Amino acid sequence: MDTANQLASAGTFRVLKLPLGFIRVLEWLFAIFAFATCGGYSGQLRVSVDCMEKAGSNLSIGIDFAYPFRLQQVSFEAPLCEAMRRERVFLIGDYSSSAEFFVTIAVFAFLYSLVATIVYILFHNKYRENNRGPLTDFVVTMVFSFMWLISSSAWAKALSDVKVVTDPDEVQLLISACKVQTNKCGSVHGARWSGLNTSVVFGFLNFVLWAGNIWFVFKETGWHKGASRIAGRASEKQAGTFNQQPYNQGSFDQSGSYNTQGNLGQLSEYSQVGGPTSYSNQM
């Protein structure tokens, strides 16, 4: 508590009030929500098989699946409606690559946001001493914004495929007894998708946060500071040139009036000299 009070009194937590630090905290929280809602998911659907011989029927067949959605490994037993025989049925599809890629990006984004926030709070002065820290932060932020877009898009497509494969009507097509017209198959309930839908939303929200934070991180780099200095020098030169223009104009006017007076003086002198000379010649 004493350390926290000293840091707060020193003003090191002020960086969290700036967009750079505040957005980092939001990225940290949203990354937690992204990998928690996806990586912690488990769902279940139920179908029923009503055989013509009621003894072989099963009106509540539970099918459980979870992250990382290797559905080809998910199996369940269904009646064949033939002398109490049963069969093992497997679902179709492997969507683990997209799901694991999404969760991996979320975990690494969570860790980097946490480390960056600590650096901002405890070592902000050292962070801004040279261009190495801001430049590294800028490059990493750009990479993560791109990776969030790719992983969220891939996971959204994979989730739509998972919904199709685990639809109770599609699962019934895999059961042999359901292909016989004398047997009746139906859906008891489907899986709930609210958690996975939320993970996709948080994925794209993370992309927006990271992409928006690129500008605030860029402002800390030497590239932005150098461009600002060049723009400031150019504006100062333009202002100095504008201030010198009235003086140059006045000099031109003075030279012009001087030249005009000089010409008039020469003409009057020529008339005075020329007048007596012409008169003496006539005499």
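This is a predicted model: local features need pLDDT of at least 70, side-chain atom pairs count only at pLDDT 80 or more; totals for chains, interfaces and linings use all residues.
One of the disulfides joins C51 to C81, with an S to S distance of 1.7 Å. C51 sits in the loop between strand 1 (42–50) and strand 2 (58–66), while C81 sits in the loop between strand 3 (75–79) and strand 4 (86–90), so this pair ties together parts that are 30 residues apart in sequence. The torsion about its S-S bond is about -65°, and the disulfide is therefore left-handed. Buried here means under 20% relative accessible area; C51, at 2% relative accessibility, counts as buried, and C81, at 17%, counts as buried as well.

The other disulfide links C178 to C185, with the sulfur atoms 1.9 Å apart. Its S-S torsion is about -100°, so this disulfide is left-handed too. Its cysteines are partly exposed, C178 with a relative accessible area of 21% and C185 with one of 24%. When the bonded cysteines are counted along the chain, the disulfides follow the pattern 1-2, 3-4.

From the disulfides we can turn to the segments that the UniProt record marks out. In an unreviewed entry, UniProt places the feature "transmembrane region" at residues 21–42, 101–123, 135–156 and 200–218. In the model, the chain over residues 101–123 is 96% helix and 0% strand, with its end C-alpha atoms 32 Å apart. Over residues 200–218 the chain is 100% helix and 0% strand, and there the end C-alpha atoms are 28 Å apart.

The nonpolar cores come next. The largest nonpolar core has 43 residues, of which F65, F69, F76, W148 and W155 touch the most other members. Both helices and strands contribute to this core: the elements that give two or more residues are helix 2 (19–39), strand 1, strand 2, strand 3, helix 3 (96–122), helix 5 (132–165) and helix 7 (194–218). Apart from this core lies another one, of eight residues, among them V15, A116, Y120 and F138.

Leaving aside its neighbours within four places in sequence, W155 is in contact with C38, F69, S98, A99, F102, L196, S199 and V200. Among these partners, F69 is itself one of the residues that touch the most other members of the largest core, and C38, at 0% relative accessibility, counts as buried.

Terms used:
Residues are numbered from 1 along each chain as its sequence is written. Side-chain values use heavy atoms; hydrogens and water are left out. UniProt positions are given in the numbering used here, feature names are shortened, and annotations may be inferred rather than shown by experiment. Helices (H or I, at least four residues) and strands (E, at least two) are DSSP runs, numbered from the N terminus. A disulfide is a pair of cysteine sulfur atoms within 2.5 Å. Buried means under 20% relative accessible area, exposed over 50%, partly exposed in between (1.4 Å probe, protein chains only). A nonpolar core is a set of buried Ala, Val, Leu, Ile, Met, Phe, Trp, Tyr and Cys residues joined through side-chain atoms within 4.5 Å. Contact means heavy atoms within 4.5 Å.
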